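User: I have a structure to go through with you. Could we start with its pockets and then turn to the surface?

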Amino acid sequence: MQNILPFPEGKFPIKYLGVPLISTSLRSEDCTILKEKNVHRIVSWSNTTLSYGGRALLIQSVLFSIQVYWSTIFILPSKVIKNIECTLMAFLWSGPELKHSGAKVKWIHLCYPTEEGGLGFKGIKVSNRAAMLKHLWALCMKADTLWIKWVHTYIIKD
């Protein structure tokens with residue numbers, strides 16, 4: 001078959017805006033890009049000596065924002081969430097060496113609010129669920145967006 005367009009034919013999964021464009025549910029193997037982004041960002045901070053407070057601030061402001069974009073698009077697999085949280089915990093306790101031993105406090109306790117003795121980190125699983133529920137809320141309230149109109153027209157069909 002002759003290609004009439006000047007574009008090469010591609011195969012799934014391809015990347016669009018940094019995330020895989022797939023026709024099935026997201027698998028752990030599809031999230032290697034997300035895992036690598038976290039590790040690459042942490043390794044780029046290797047030449048700086050940071051205190052626990054500095055690393056906690058980088059986790060809250062930079063590393064969580066990397067996965068937030070993915071969380072608004074996909075339901076992240078549990079294996080990926082656990083891997084990301086292990087990486088964040090290793091960075092917090094050991095710095096850019098990412099040693100997975102020597103944690104002083106469990107990750108779940110760090111996700112408590114500061115008033116309850118935690119560091120106020122957001123749980124990735126909880127933020128992923130909240131992002132998905134935001135889509136459901138928009139569907140139920142029939143927000144005026146092109147995506148909502150398409151879903152109501154072709155999938156829900158009123």
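**Pocket, patch and salt bridges**

Analyst: The largest pocket is lined by Thr 72, Ile 73, Met 132, His 135, Leu 136, Leu 139, Trp 147, Trp 150, Val 151 and Ile 155. On a 1 Å grid over the protein atoms alone, a pocket is an open set of points where a 1.4 Å probe fits, with protein on both sides within 12 Å along at least five of seven lines, and lining residues have an atom within 4 Å of a point. This is a predicted model, in which local features need pLDDT of at least 70 and side-chain atom pairs count only at pLDDT 80 or more, while totals for chains, interfaces and linings use all residues. Residues are numbered from 1 along each chain as its sequence is written, and side-chain values use heavy atoms, with hydrogens and water left out.

User: How much space lies in the largest pocket?

Analyst: The space in the largest pocket comes to about 320 Å³. Such a volume is the space filled by probe spheres set on the grid points, which are joined across faces, edges and corners.

User: Which helices each supply at least two residues of that lining?

Analyst: They are helix 2 (52–73), helix 5 (124–141) and helix 6 (146–156). Helices are DSSP runs of H or I with at least four residues, strands are runs of E with at least two, and both are numbered from the N terminus.

User: What is the lining of the largest pocket like by class?

Analyst: The lining has eight nonpolar residues, two polar ones and no charged ones. Ala, Val, Leu, Ile, Met, Phe, Trp, Tyr, Cys and Pro count as nonpolar, Asp, Glu, Lys and Arg as charged, and the others, Gly among them, as polar.

User: Take Met 132 from helix 5. Is Met 132 buried or exposed?

Analyst: Met 132 is buried, because its relative accessible area is 17% (buried means under 20%, exposed over 50%, partly exposed in between, with a 1.4 Å probe and protein chains only).

User: Now the surface. Which residues form the nonpolar patch there?

Analyst: The patch is formed by Ile 14, Tyr 16, Leu 17, Leu 21, Tyr 69 and Ile 73, which together have about 580 Å² of accessible area. A patch of this kind joins nonpolar side chains (Val, Leu, Ile, Met, Phe, Trp, Tyr) within 5 Å, from residues with over 30% relative accessible area and no salt bridge. Accessible areas come from the Shrake-Rupley method with a 1.4 Å probe. Strand 1 (14–16) and helix 2 each supply at least two of the patch residues.

User: Changing topic: how many salt bridges does the structure hold?

Analyst: There are three salt bridges, each being a side-chain nitrogen of Lys or Arg within 4 Å of a carboxyl oxygen of Asp or Glu. Arg 27, Glu 29 and Asp 30 are linked in a network of them. Arg 27 pairs with Glu 29, with the closest N and O atoms 3.9 Å apart, and with Asp 30 at 3.2 Å, N to O.

User: Are Arg 27 and Asp 30 buried, partly exposed or exposed?

Analyst: Arg 27 is partly exposed, because its relative accessible area is 45%. Asp 30 counts as buried, because its relative accessibility is 9%.

User: Which side chain does Asp 144 meet in a salt bridge?

Analyst: Asp 144 meets Lys 149, at 3.0 Å from N to O. Asp 144 counts as exposed at 65% relative accessibility, whereas Lys 149 counts as partly exposed at 47%.

User: Finally, where is the place of Lys 142?

Analyst: Lys 142 lies in the loop between helix 5 and helix 6. At 53% relative accessibility, Lys 142 counts as exposed. Lys 142 and Ile 14 are 128 residues apart in sequence, and their C-alpha atoms are 30 Å apart in space.

Technical notes:
Patches are made of residues with over 30% relative accessible area and no salt bridge: like charges are joined within 9 Å, nonpolar side chains (Val, Leu, Ile, Met, Phe, Trp, Tyr) within 5 Å.
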